[in-house]
Each structure stands twice: as structure tokens, then as C-alpha cells.
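Notebook open, structure loaded. I want to look up how some strands pair up and then go through the salt bridges.

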Amino acid sequence: MSLYSDIITKLRADVGDFPIRRNETADGDAATTLFQLQSPKVLESSYTIKVGGTTKTETTHYTLAKDTGQVLFTTGNIPASGSDNVSFEYQSVNLLDADWVDIINQVLQNLRRKLWVELVDESTLTTVADQVDYATSGIAADI
């Protein structure tokens, strides 16, 4: 039985959506709290953010919106003034895992609609539209 992560890994390979390692720097100015990464789709658990060479902790020092690539430093943790003193190391992709899960679920829903449009119980000649779980004990064995 495949997990979503296994399926996503296979789909990424099939369409060439391989994670790309990114290294970016920015200048702190002791006032700017919001930084925008160049590649907005940040792969989960693939990033490290440093200020002045010190690794910062997500939710304590900053928050990262992985779908938009926006890094917001929390109050009291705004990067001090300096040239290239804020560094972002991360992997970007075209579609996040959540995007792939949405696509997979949409495909499954479309297949369900095509496969389970209508079922005819030939013993009673009744139909059931959009039936996903159907008690087959009352129908002929060859259906």
C-alpha cells in the first residue's frame, strides 16, 4: 500500500518537479520584518534561516509561509543592520505536497464519478446513482 508521500515522490519524478536547492541573502536594516524568497514554493523541512550566521528557529524567531515564500520575523527578532546578514537556504518545487494531495484527490473523485455513476440491481431492477458502498448480497454473482 502506497502512502501519499510515495505517490508524490513518483509523480515529482514523472513530471520533473525535482527540488532545487536555493541559497539567498538579504540585508537586514533593523526595521524590515518581512522578506520575500525568490522561489515561493518551499519544500517542507528543507529550509534553514540564519541571521548574522546564527540559525533561527521557526515560530520562535520567524514564520515561513511555504506556499508564498514569505518570511516574517517575530517581534524582538528583526534582523539587525548589515550587508547580506540574513541567509535563506531552502529547496523549492513547482507544487507543494499539499498541492499534489489536492490533485490526487481530484483525480480520485473524477474516477469515482466515472466508475460509480449508476448501478443496476437486476434482481429488483432498481438503480442507485453515485453509489460508493453498495450491499451486493442481493444481486447476481456475475455482476
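I started with β3 and β4, which run antiparallel and are joined by two bridges. For the record, strands here are DSSP runs (E, at least two residues), helices are H or I runs of at least four, and both are numbered from the N terminus. Two strands count as paired if DSSP finds at least two bridges between them.

Ground rules before I go on: this is a predicted model, where local features need pLDDT of at least 70 and side-chain atom pairs count only at pLDDT 80 or more, while totals for chains, interfaces and linings use all residues. Residues are numbered from 1 along each chain as its sequence is written, and side-chain values use heavy atoms, with hydrogens and water left out.

**β3 and its partners**

I looked up who faces whom across β3 and β4. Lys 50 stands opposite Thr 55 of β4, and Val 51 stands opposite Thr 54. The hairpin of these two strands has two residues between them, and Gly 52 takes a positive phi near 60 degrees there.

Then I checked β7 (residues 82-92), which runs antiparallel to β3 and is joined to it by four bridges. Ile 49 has Phe 88 as its bridge partner in β7.

Where does β3 sit in the sheet order? I read the order as β1-β7-β3-β4, an open sheet of four strands with antiparallel pairing. β1 (20-28) and β4 (54-55) are the edges, each with a single partner strand, so one side of each has no neighbour in the sheet.

My cut-offs for relative accessible area are under 20% for buried, over 50% for exposed and partly exposed in between (1.4 Å probe, protein chains only).

I stayed with Thr 48, which belongs to β3 (residues 48-51). Thr 48 has a relative accessible area of 28%, so I put it down as partly exposed. Leaving out residues up to four places away in sequence, Thr 48 touches Thr 55, Ser 87, Phe 88 and Glu 89; contact means heavy atoms within 4.5 Å.

**Salt bridges**

How many salt bridges are there? I got five, taking a side-chain nitrogen of Lys or Arg within 4 Å of a carboxyl oxygen of Asp or Glu.

One network links Arg 12, Asp 17 and Asp 97. In it, the closest N and O atoms of Arg 12 and Asp 17 are 3.0 Å apart, and those of Arg 12 and Asp 97 are 2.6 Å apart. Arg 12 lies in helix α1 (residues 4-15) and Asp 97 in helix α2 (residues 97-115), so this pair ties together parts that are 85 residues apart in sequence.

Asp 97 is partly exposed at 34%.

I also looked up Lys 66 and Glu 58, a salt bridge whose closest N and O atoms are 3.4 Å apart. Lys 66 is buried at 18% relative accessibility, while Glu 58 is partly exposed at 24%.
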